[in-house]
Amino acid sequence: MQPRCASSSRTAPPTTRAPHSLSSLFQEPPQNPESPPSQPPNSPTEFELHVRQRCKSGPLTLNEGLGCFRTLVRIKPIASIDTFNHVLGSVSKNKTYWDVIPLYKKMNGAGIKPDLCTLNILINCCCHLEMMNCGFGVFGEILKRGFKPNEVTFATLLKGLCLVGRAVEAVEVFEKLALRGFDGIRGSFLYRALVGGLRKTRETALVLELHKKMTRQGFEADAETCSTIIGALCKAGLIDNALELFRDQISRRPDLNVVLYTSVIDGLCKSRRLAEAVKILDEMVERGISADLITYTSLIHAFCQAGLWTEANRMLHLLMEKGISPDVVMFSLLIDCLCKTGKVTEAGVVFEMMIQKGVDPNTYTYNTLINGLCLAGRLDDAAKIFYLIEDKGLKPNVVTYNTMINGYMKHEKIDEANKLFTQMLTRGSAAPALSAYQVVLDGLCKNGHVDQAMDLYRSLCSARLEPSIKVFTILIDGFCRAGKVEATRSLFDSIAEKGLVPDVVMYHSLINGLCKNGQIDQAMDLYCSPISARLEPSIEVSTILIDGLCRAGKIEAATSLFESMSEKGLDPDVVMYNSLINGLGKEGMLAEAEKLFLKMQEMGCFPNSISYNILIKAFLQNKQVDKALQHLQEMRARKFLPNEAVVSRLLYFVSVDAQCREFIESLPNAS
């Protein structure tokens, strides 16, 4: 059989040998379970033994596989089908599934007959290529050639059905096999394969339903399958269901193992239910089951994320006392969590411990430490780690360069950042991805070097990289900061030429830039344009516009925009209220400002310190001291403090008004 499908199972027509329905999977094959040997049973040649050994040592590269295959086809006597299977299986492990199919065709053309293992490999390739019609066609070939499908055959088809979104059919096939008693096939193997396939495609509801049904029918899942089910439930956030299954297993079976316990502990850790996770660990130890490295890694990572460094450290020393050596993953997780919470010195201690224990850091470890040092402003130390990477026989990747460049940019070390980016371009140790250009562009724009940023943008285009919306957003924000409004609009208009559609982040940046540069009419035009209609209404954008309109003295337009929020399904927040109250106050419309201040509270949006400072300042500027003092009293009752501008004006009135001074002195002190 030579599969001819070139498209996925969603579009390709069935091959002539494909079963017309899933029920055809259960037709009795011819009774000879094993076909006669495809070739004479010669002893394997020295070359065949070499090929088999090479395949066992690790997957062949495609070129290696093709080389071995060409030689096997030519040698005399004919190489055994087992050796061909070694090559096909090894090539498929590199996920080069498309290349296995033509090799199978060449075998057929050379008169080399497949066995059941060959056809199972072919089914696996078809499933991974989502060519399920071809996969079932190969199944039909198995029956035609007189082979009896084994557990690998069915397990592969079940996982394939899950992969292409036909999970319900996969469950139906399994249930039909179960009704037949699995015909000598290990049911536990198939059950585990199906649950694994359902878990990978996040069909958690089906996993739970299947487990309950199989339990009612008296089918006992093994410990490994239960671990997979518990893992699936935990991943879906169904922790209580996972615990229920776990407790049920504890009460019913003696063969509980570390994998089952670790599945539950990991789920509890990821749900931040650390007390329960530790309790399960204690139960596990009481039963004489030793926790392994994976168990401790889950707990230590969770403790680090929760900021419980004492507990994390205790777990680390506990596992070492038990003779378990932390691996690079555990050390890297510790360093990452410490760096992200600003504990860079402690991260350095863990890094030194890692070296002392003989665990070699990988690129991820170095990247994590470099990022932590950059965040802490320790750029010289970060640079030392950066150059240490190559000394240790590793190569900095794009993330390494991006992290270091970003660190330089954030601390305004533009020359160092540019130098490192140039090094990245010239040395070829890491091909500069679009993300690297974005980091440099962002740094240049935020530091006011917009002309350099445009030069780099042109370089990006010359390098045949397609600029993303994020690139344009960075540039537009930079030009707006620099007050180059015309250049900003020109850049914005060029986006359509690139086939890109502005997103809400770019829209926000452009409107903000136009407002800050006094181009409120242009900002309003953009707000009312078809582009705006395609985007979700945003409180942030509306607040920017209201603030811009108020600054331009267009109070009526600002008020109208504010009142339209309910029509857009938006509830004004305290920032929007503050913007309009400030605008009304500056225009001397104090009655309206105070009315809006009171309305804000009626609507369930409570004023903050800024709200009070805006209103009090407005009353003081208009010499309405009584009103100002009334709101000051409310402000102090809510534990808010006046800002410098309000304090300055209050001091003036205190110096000229004894009654005002007496009132201020009566207010409670800050506490």
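This is a predicted model: local features need pLDDT of at least 70, side-chain atom pairs count only at pLDDT 80 or more; totals for chains, interfaces and linings use all residues.
How do the residues of the lining of the second largest pocket divide into nonpolar, polar and charged?

1. Residues are numbered from 1 along each chain as its sequence is written, and side-chain values use heavy atoms, leaving out hydrogens and water.

2. The largest pocket holds about 450 Å³ of space. A pocket here is an open set of points on a 1 Å grid over the protein atoms alone, where a 1.4 Å probe fits, with protein on both sides within 12 Å along at least five of seven lines; lining residues have an atom within 4 Å of a point. Grid points are joined across faces, edges and corners, and a volume is the space filled by probe spheres set on the points.

3. Lining the largest pocket are 18 residues, with Asn-124, His-128, Ala-155, Lys-159 and Lys-200 nearest its centre. Two or more lining residues come from each of α5 (116-128), α7 (151-163) and α9 (187-200); helices are DSSP runs (H or I, at least four residues) numbered from the N terminus. The most, seven residues, come from α9.

4. As to the opening question, the lining of the second largest pocket comprises four nonpolar, seven polar and seven charged residues. Ala, Val, Leu, Ile, Met, Phe, Trp, Tyr, Cys and Pro count as nonpolar, Asp, Glu, Lys and Arg as charged, and the others, Gly among them, as polar.
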